[in-house]
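Me: I would like to learn how to read some features of a protein model. Please take me through them one at a time.

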Amino acid sequence: MAAGTAAGAWVLVLSLWGAAVGGQNITARIGEPLVLNCKGAPKKPPQQLEWKVNTGRTEAWKVLSSQGGPWDSVAHVLPNGSLHLPTVGIQDEGTFRCRAVTRHGKESKSNYRVRVYQTPGKPEIINPASELTAGIPNKVVKGTGGSRRRSCGWRVGTCVSEGGYPAGTLNWHLDGKPLIPDGIGVSVHEETRRHPETGLFTLQSELRVTPAQGGTSRPTFSCSFSPGLPRRRAMHTAPIQPSVREPVPLEDVQLLVEPEGGTVTPGGTVTLTCQTPAQPPPEIHWIKDGMPLPLPSSPVLLLPEVGPQDQGIYSCVATHPRYGPRESAGVSISITGELSPQGPGTWSSVGESGLGTLALALGILGGLGVAALLIGVVVWRRRHRQGEERKAPDSPEEEEERAELHQSEEPEAAEGGTAGP
């Protein structure tokens, strides 16, 4: 660990020495110190020198003296006359000038143009495509020239570089050679964002291509980041190799129906499937009785709880970006038996209607039987009440007469009994 630290310190010292004596144009890494020499300055006081800076931290030229000042935390003059910047930042980009007078009265000047940089992380390709189709663009959009149209092609992937300064550029390569966008077979969409606090850049580059028919089946794509400074090497992503399939013509469009024949009972389910071997898969739309159905593209049409409104002739139309539309043969969807309405939104077959009628008749007969029974009970109870009323005496006088009559009938009955043989 100590050896690594020491090696890093030596690298820093060497880089600073190279930056200080390297000439008029100086590049410094963000976050590291920088030393600028003042040519001709005496190595030790007394000295006659003056540093002037014009950077992102100043609105105009700023004069720094060897006596120090409020700028010491940003830049200060060393005893040997050199200018020391403890931590270089983006705001330190600019021009630094020094004027010194030797003990013999000779004047010398130094002029530096300082640029800073930050190496981003290694670029990478995100969301890489696994498959492309040759000869057929994936999307066609309107161009800027009104009726002009340009192909966007198939998306290969998005190259991303984060945390760099200056912004730099992203470049795509095919089989090791630069890939030049032409807006037809090759198109690139780029986006650059800058962090509001650090000032570092994030680059994105999306590549779309339309592979030529009969070409390689597995092309190699890669992306590289080129810094915005000279003598800085480009960084490359790992390569990707999507497969390329040849297009299949739109020759036959078949429409399958389940249940077979397209005949279904009321409330049943019908499944229509549009099949075509074309590649890439075409858009599928549906037609009923010659009129397009307002449905999204789908190879399957499901009709649940089929009713009278679902009967008709169905077909599907497959639209291919290269071969155009093609319609399948029509399939008839019908419901078994006659249908009779039983209410809003409900239907039943003839057999179900007959059973309903029989049940209704039995219900009516049962109701009549119950009514007749109730009428009989009422009549019987009324007659029974009238009989009891006839037996009941109307007054005490009638009861006495009835008792006397009963007493007179008893002796007669007794005499008749004794006169017998």
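Me: With which residue does Glu 131 form a salt bridge?

Reply: This is a predicted model, in which local features need pLDDT of at least 70 and side-chain atom pairs count only at pLDDT 80 or more, while totals for chains, interfaces and linings use all residues. Residues are numbered from 1 along each chain as its sequence is written, and side-chain values use heavy atoms, with hydrogens and water left out. Side chains of opposite charge can pair when their charged atoms come close. A salt bridge is counted when a side-chain nitrogen of Lys or Arg is within 4 Å of a carboxyl oxygen of Asp or Glu. Glu 131 forms one with Arg 245, and the closest N and O atoms are 3.1 Å apart. The pair links distant parts of the chain, as Glu 131 is in strand 10 (residues 131–133) and Arg 245 in strand 20 (residues 243–245), 114 residues apart. Strands here are DSSP runs of E, at least two residues long, numbered from the N terminus.

Me: Are Glu 131 and Arg 245 buried, partly exposed or exposed?

Reply: Buried means under 20% relative accessible area and exposed means over 50%, with partly exposed in between (1.4 Å probe, protein chains only). Glu 131 is partly exposed at 38%, and Arg 245 is partly exposed at 24%.

Me: How many salt bridges does a search of the whole structure find?

Reply: The search finds five. Among them is the bridge between Arg 57 and Asp 92, whose closest N and O atoms are 2.6 Å apart. Arg 57 lies in the loop between strand 3 (48–55) and strand 4 (62–64), and Asp 92 in the loop between strand 6 (83–85) and strand 7 (94–101), so this pair ties together parts that are 35 residues apart in sequence. Arg 57 is partly exposed at 35% relative accessibility, whereas Asp 92 is buried at 3%. Another salt bridge joins Arg 99 to Glu 107, with 3.1 Å between the closest N and O atoms. Arg 99 is partly exposed, with a relative accessible area of 35%, and Glu 107 is partly exposed at 44%.

Me: What should I look for at Lys 288, which is buried yet has no salt bridge?

Reply: Start with opposite charges, where Lys and Arg count as positive, Asp and Glu as negative, and His and the chain ends are not counted. For Lys 288, the nearest side chain of opposite charge is Asp 289, 4.7 Å away. Next come polar contacts, which are pairs of N or O atoms within 3.5 Å; within protein, one must be able to donate a hydrogen and the other to accept it, and residues adjacent in sequence count only if both atoms are side-chain atoms. A polar atom of the Lys 288 side chain lies 2.5 Å from the backbone oxygen of Gln 309. Lys 288 is in strand 24. With contact taken as heavy atoms within 4.5 Å, and leaving aside residues up to four places away in sequence, Lys 288 touches Leu 293, Gln 309, Asp 310, Gln 311, Ile 313 and Tyr 314.

Me: Which backbone feature does Asp 289 have although it is not a glycine?

Reply: Asp 289 has a positive phi of about 50°. This residue is in the loop between strand 24 (283–288) and strand 25 (291–292), and is partly exposed at 47%. Glu 305 also is not a glycine and has a positive phi of about 50°. Glu 305 sits in the loop between strand 26 (300–303) and strand 27 (312–320), and is exposed at 63%.

Me: Where is Pro 166 found, and is the peptide bond from Tyr 165 to Pro 166 cis or trans?

Reply: Pro 166 is in the loop between strand 13 (154–164) and strand 14 (169–174). The bond from Tyr 165 is cis, with omega near -10°. The bond from Glu 258 to Pro 259 is cis as well, with omega near 5°. Pro 259 is in the loop between strand 21 (254–258) and strand 22 (263–264).

Me: What order does the open sheet of four strands have?

Reply: Two strands pair if DSSP finds at least two bridges between them. The order is 9-13-17-16, with antiparallel pairing. Strand 9 (124–126) and strand 16 (186–194) are the edge strands, each pairing on one side only. Strand 16 and strand 17 (residues 201–209) pair over nine bridges.
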